[in-house]
Amino acid sequence: MQSHNNSEISLILLAAGESSRLGTPKQLLMYKGKNLLQHTIDLTQAMDMDTVLVLGAYIGQILNQVNTYDMNVVQNIDWREGLASSVRCGLKHVLSLNPETEAVILILCDQPLLTAETLHQVLEKFHTSGNPIIHCDYGDASGPPALFHKSMFPYLLQLQGHDGAKKLVKQFPEKVALVDFPDGKWDIDTAEDYDLINQNF
């Protein structure tokens with residue numbers, strides 16, 4: 001992991017789920033004048049990194065309401081399987097575009113307090129720690145954004161069902177370095193979550 005070149009690192013924006021607990025596409029929930037997915041897309045644009053956007057449920061409706069710029073958009077036809085299918089789909093697409101990819105960062109669209117600064121900290125931690133997995137520490141839990149070096153790609157491609165990449169964090173604790181991201185705990189799965197974020201931020 002000698003390379004300090006972020007051009008070999010891609011972002012994978014996972015936004016294929018059906019938001020079953022919310023009952024409406026969370027990707028399109030409005031927050032500060034933009035929908036959640038547009039916020040996250042705009043954030044990836046600011047990072048100036050190759051980005052793959054994985055869509056599934058509501059793909060037509062979503063594409064009508066976001067500007068994807070020149071992102072690579074891929075449709076996960078297996079989205080009903082769960083998060084693992086989107087991780088596999090996104091990673092396969094990244095590798096088809098650039099087989100030399102050094103690492104990927106998985107991000108979700110339901111963390112409206114995610115900033116470019118946090119993503120830069122993830123990249124910095126990757127380059128300085130030498131660890132193949134970088135995870136974000138929310139205080140009482142950890143989660144995305146999550147970076148995985150290519151040595152972890154075979155494991156990501158084996159994920160099944162509702163297993164997200166967190167499975168690898170638990171499987172290889174000695175390979176994980178953490179970045180502080182206390183605002184990461186503010187994610188949106190339910191209407192209550194959405195109301196809380198709008199009330200607090």
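**Salt bridges, sheet and cores**

Tutor: Let us begin with a network: salt bridges link Arg 21, Lys 26, Asp 110 and Asp 189. Please bear in mind that the model is predicted.

Student: How many salt bridges does a search of the whole structure find?

Tutor: Side chains of opposite charge can pair when their charged atoms come close. A search of the whole structure for such pairs gives a total of 7 salt bridges.

Student: Which residue forms a salt bridge with Arg 88?

Tutor: Arg 88 has its place in helix α3. The side chain of Arg 88 also reaches the backbone oxygen of Leu 159, at 2.7 Å. In the salt bridge, N and O are 2.8 Å apart, and the partner of Arg 88 is Glu 81.

Student: Is Arg 88 buried or exposed?

Tutor: Leaving out residues up to four places away in sequence, Arg 88 touches Glu 81, Leu 156, Leu 157, Leu 159 and Gln 160. A residue counts as buried when its relative accessible area is under 20%. The value for Arg 88 is 11%, and therefore Arg 88 is buried.

Student: How far apart in sequence are the parts that Lys 150 and Glu 102 tie together?

Tutor: These two residues form a salt bridge, with their closest N and O atoms 3.5 Å apart. Lys 150 lies in the loop between β8 (142-149) and α5 (153-156), whereas Glu 102 lies in the loop between α3 (83-97) and β6 (103-108). The pair therefore ties together parts whose separation in sequence is 48 residues.

Student: Which strands stand at the edges of the open sheet?

Tutor: The sheet has 7 strands in the order β5-β4-β1-β6-β8-β7-β9, and its pairing is mixed. A strand at an edge has a single partner strand, so one of its sides is left without a neighbour in the sheet. The edge strands are β5 (72-75) and β9 (176-180).

Student: In which sense do β1 and β6 pair?

Tutor: Strands of a sheet pair through backbone hydrogen bonds, either parallel or antiparallel. In β6, Leu 108 is the bridge partner of Leu 14. Strand β1 (residues 9-15) and β6 pair over 6 bridges, and the sense is parallel.

Student: At about what angle to β9 does helix α4 run?

Tutor: Helix α4 comprises residues 116-129. This helix lies across β1, β6, β7 (133-137), β8 and β9. Relative to β9, helix α4 runs at about 145 degrees.

Student: Which residues touch the most other members of the largest nonpolar core?

Tutor: In soluble globular proteins, nonpolar side chains tend to be buried together. The largest nonpolar core has 32 residues. At least two residues of this core come from each of β1, α1 (36-47), β4 (51-55), α2 (59-65), β6, α4, β7 and β9. The members that touch the most others are Ile 9, Leu 13, Leu 37, Leu 53, Ile 105 and Leu 147.

Student: How many residues does the second, separate core have?

Tutor: Among the members of this second core are Leu 14, Val 74, Cys 89 and Ile 133. The core is separate, and its number of residues is 27.

Key
Residues are numbered from 1 along each chain as its sequence is written. This is a predicted model: local features need pLDDT of at least 70, side-chain atom pairs count only at pLDDT 80 or more; totals for chains, interfaces and linings use all residues. Side-chain values use heavy atoms; hydrogens and water are left out. A salt bridge is a side-chain nitrogen of Lys or Arg within 4 Å of a carboxyl oxygen of Asp or Glu. Helices (H or I, at least four residues) and strands (E, at least two) are DSSP runs, numbered from the N terminus. Two strands pair if DSSP finds at least two bridges between them. Contact means heavy atoms within 4.5 Å. Axes are lines fitted to C-alpha atoms, for helices over the stretch in contact, and angles run from 0 to 180 degrees between N-to-C directions. A nonpolar core is a set of buried Ala, Val, Leu, Ile, Met, Phe, Trp, Tyr and Cys residues joined through side-chain atoms within 4.5 Å. Buried means under 20% relative accessible area, exposed over 50%, partly exposed in between (1.4 Å probe, protein chains only). A polar contact is a pair of N or O atoms within 3.5 Å; within protein, one must be able to donate a hydrogen and the other to accept it, and residues adjacent in sequence count only if both atoms are side-chain atoms.
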